[in-house]
Amino acid sequence: MAAVSAQNIRAKAREAIFAAGGRGFVRFLPAGGALLVSDAARRCDDAQALLNACRTAGFAAEERDGLIFLTPTDGALNALRDAC
């Protein structure tokens, strides 16, 4: 069984954000809490649409202070693993 790479997880998050019209960085957080963070909510008129797109893509998504915090769900990880 192939492992899911960090790059695959990040690419999936970027794809969801960009598909919803968002722009900005998508970076890994060093420790604790969410796995990824993005400033796309600061660059978009509809942060709720970004959150919904990320949730649809399989991420637990939360917006705080203009940043979106993303953690892949088990379903998203399984889908990425199956795609590998």
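**Exercise 1. Cysteines**

Task: In this predicted model, is Cys44 buried or exposed, and how many disulfides are there?

Solution:
- Start with Cys44. Its relative accessible area is 18%. Buried means under 20%, so Cys44 is buried.
- Take Cys54 next. Its relative accessible area is 0%, so Cys54 is buried.
- Now apply the bond rule. A disulfide needs two cysteine sulfur atoms within 2.5 Å.
- The count of disulfides comes to zero. Cys44 is in none; the nearest cysteine sulfur, in Cys54, lies 10 Å away.
- From the side of Cys54, the closest cysteine sulfur is that of Cys44, and 10 Å is too far for a bond.

**Exercise 2. The nonpolar core**

Task: Which residues of the largest nonpolar core touch the most other members, and which element gives the largest share?

Solution:
- The core holds 18 residues. Those touching the most other members are Ile17, Leu36, Cys54, Phe59 and Leu70.
- Elements giving two or more residues are α1 (6–19), α2 (47–56), β3 (59–64) and β4 (67–72).
- Helix α1 supplies the largest share, four residues.
- Look at Ile17. Leaving out residues up to four places away in sequence, its contacts include Leu50, Cys54 and Leu70. Gly22, Arg23, Val26, Ser38 and Ala40 are also among them.
- As background, nonpolar side chains tend to be buried together in soluble globular proteins.

**Exercise 3. Ala49**

Task: Where is Ala49 placed, and what is its relative accessible area?

Solution:
- Ala49 sits in helix α2.
- The relative accessible area is 25%, so Ala49 is partly exposed.
- Compare Ser5. Ala49 and Ser5 are 44 residues apart in sequence. Their C-alpha atoms are 26 Å apart in space.

Key: Residues numbered from 1 in each chain as written. Predicted model: local features only at pLDDT ≥ 70, side-chain atom pairs only at ≥ 80, totals over all residues. Heavy atoms only, no water. Buried < 20%, exposed > 50% of the residue type's maximum accessible area, 1.4 Å probe, protein only. Core = buried A, V, L, I, M, F, W, Y, C linked by side-chain atoms within 4.5 Å. Contact = heavy atoms within 4.5 Å.
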